[in-house]
Each structure stands twice: as C-alpha cells, then as structure tokens.
Amino acid sequence: MNLLGFLIAASAAPSETAVRWVAMSSEYRAVCEQTYAAAAEKVLAVAAKTDQPWAIVMDVDETVLNNMQYQVELNAKGESHSQEAWEKWVKRKESPPVPGVKAFIRKLRKVPGGRIIFLSNRYAHNTELTRQNLGAHGMVEKVDVFLFRKVRTDKKSIRRQEVFDGSGRMGVYGKLKVLAWFGDSAHDFPEGDGLKWGREKFMLPNPVYGSW
C-alpha cells in the first residue's frame, strides 16, 4: 500500500493523525522550510565571517531524513516500532529529505572551512547505509562526520561533549567552532552556554514520536 492510499483509507491508529500531518499537510512543509530558511539567514552570515574551522551539528531522523513511510507501514500492519523493524527500514535507504534541508545544505556548502557533524542515535553499523541514503540526495560530503552510537549507553550527551572538546571520536578533527545545532527533540540540543533558539538552535517539528 502506498503512502497516500493508506492515509486516506486507514482506520484509527495511535499515531495516524500525527503521521497524516507530517506526510500530507502544507503546514508541516511550511514549518520545516521556514526553519531552514531562518537558519540559512542566521548561520551562513556567521560562517562567512568565521576564520577558524567550523561545523554545524545535525540530528538525522526527522531533522534531515523523513521516515514517515516507515511509520505508515507499521500502522498498516498494526505494529509498533522495534529495533528489528527499524534496522530493516534503514537498510532500504529510502528516506527522503525533510522539506527545506537540501536547499539549506546546498547553501552551506558554498561557505569554505566547514563540515556537518551528523549526531544521531542510529547505531554505528548503519553509518555507511545512512551515508548512501544522504548521498542519493546530494546531502553529504567526505569532510562530514558521523557520530552514531556504538552501544545503547553511548548517549548523545557523551558525543556532544566530544564535539565541544575535540576529544574521543572528534580527536582526529580537533576542536571545531560549532555554529548551530539542528534536531527534532529537546535531547538533540545542548543546554546552557548562551545558546538561543533561532540563532544557534533550530527545532524541526515531529509530532509522531519523542520523549515528550
């Protein structure tokens, strides 16, 4: 069953309304494009004036890649998210870009001296699959960094600290000036340090799943 057919015909499922909103509404697309347009205005201006190696940090799922087809297929089968089902989805490499992100990244690449750090709770063994999915949409370059979790206890906070310190997995890159953080959940972002929403932190909408 394709995405549109399921959403029109499906009976009530716990996340049906949320999935429908992300998959079909002009409001979802507008909010995403608005967020990335605002980020381009703010971040690129700072990047152009930065005289040291810099980076932005981006979550992957529902921030860069849209996984609503995965949710649609779970609903169609009456199933819930599981690691096994998720692994099968990732292997398919079929996630399209979140609205607005391709244009943002394309603009970002024109400013020298930077890289994207993809900091995700996808497991590290899925790095190459994710790189291929992103590459199919022209959203990854060799200079980019993938900080995926090694084991379940490898929390995002641990990897964020490595970014701040230029330590651990980031040791080979050294300490970079992080210009902005992108995510779809509060735990995608560092706290404090004077970071402001709409200036260094940019949130994408995700009503389908999260810690809330």
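Which residues do ring pairs link into a cluster? Ring pairs join Y36, F104, F182 and F202. The legends below describe close-up views of a predicted model, in which local features need pLDDT of at least 70, side-chain atom pairs count only at pLDDT 80 or more, and totals for chains, interfaces and linings use all residues. Residues are numbered from 1 along each chain as its sequence is written, and side-chain values use heavy atoms, with hydrogens and water left out.

**View 1. The stacked pair Y36 and F182.** Rings of Phe, Tyr and Trp (its six-membered ring) pair if their centres lie within 6.5 Å; planes under 30 degrees apart count as stacked, over 60 as edge-to-face and the rest as tilted. The whole structure has 11 aromatic pairs. In the pair of Y36 and F182, the centres are 5.7 Å apart, with 15 degrees between the planes. Y36 belongs to helix α3 and F182 to strand β4 (residues 177-183), so the pair ties together parts that are 146 residues apart in sequence. Helices (H or I, at least four residues) and strands (E, at least two) are DSSP runs, numbered from the N terminus. Y36 and F182 are both buried, where buried means under 20% relative accessible area, exposed over 50%, and partly exposed in between (1.4 Å probe, protein chains only).

**View 2. The edge-to-face pair Y70 and W86.** The two ring centres of Y70 and W86 are 5.1 Å apart, and the angle between the planes is 75 degrees. Y70 is in helix α4 and W86 in helix α5, 16 residues apart, and the pair links distant parts of the chain. Y70 and W86 are both buried.

**View 3. The largest pocket, with about 920 Å³ of space.** On a 1 Å grid over the protein atoms alone, a pocket is an open set of points where a 1.4 Å probe fits, with protein on both sides within 12 Å along at least five of seven lines; lining residues have an atom within 4 Å of a point. A volume is the space filled by probe spheres set on the points, which are joined across faces, edges and corners. This pocket is lined by 37 residues, and the closest to its centre are H81, W86, N121, Y209 and G210. The elements giving two or more residues to this lining are α4 (68-77), α5 (83-92), β2 (114-123) and α8 (156-165).

**View 4. Charges over rings at Y123 and W197.** A charge sits over a ring if NZ of Lys or CZ of Arg is within 6 Å of the ring centre and within 35 degrees of the ring normal. The charged end of R149 is over the ring of Y123, 4.3 Å from its centre. K201 lies over the face of W197, also with 4.3 Å to the ring centre.

View 5. A salt bridge is a side-chain nitrogen of Lys or Arg within 4 Å of a carboxyl oxygen of Asp or Glu, and the structure holds 15. R199 is partly exposed because its relative accessible area is 42%, whereas E200, at 16%, counts as buried. Salt bridges with shared partners join D154, R159, E162 and R169 into one network.
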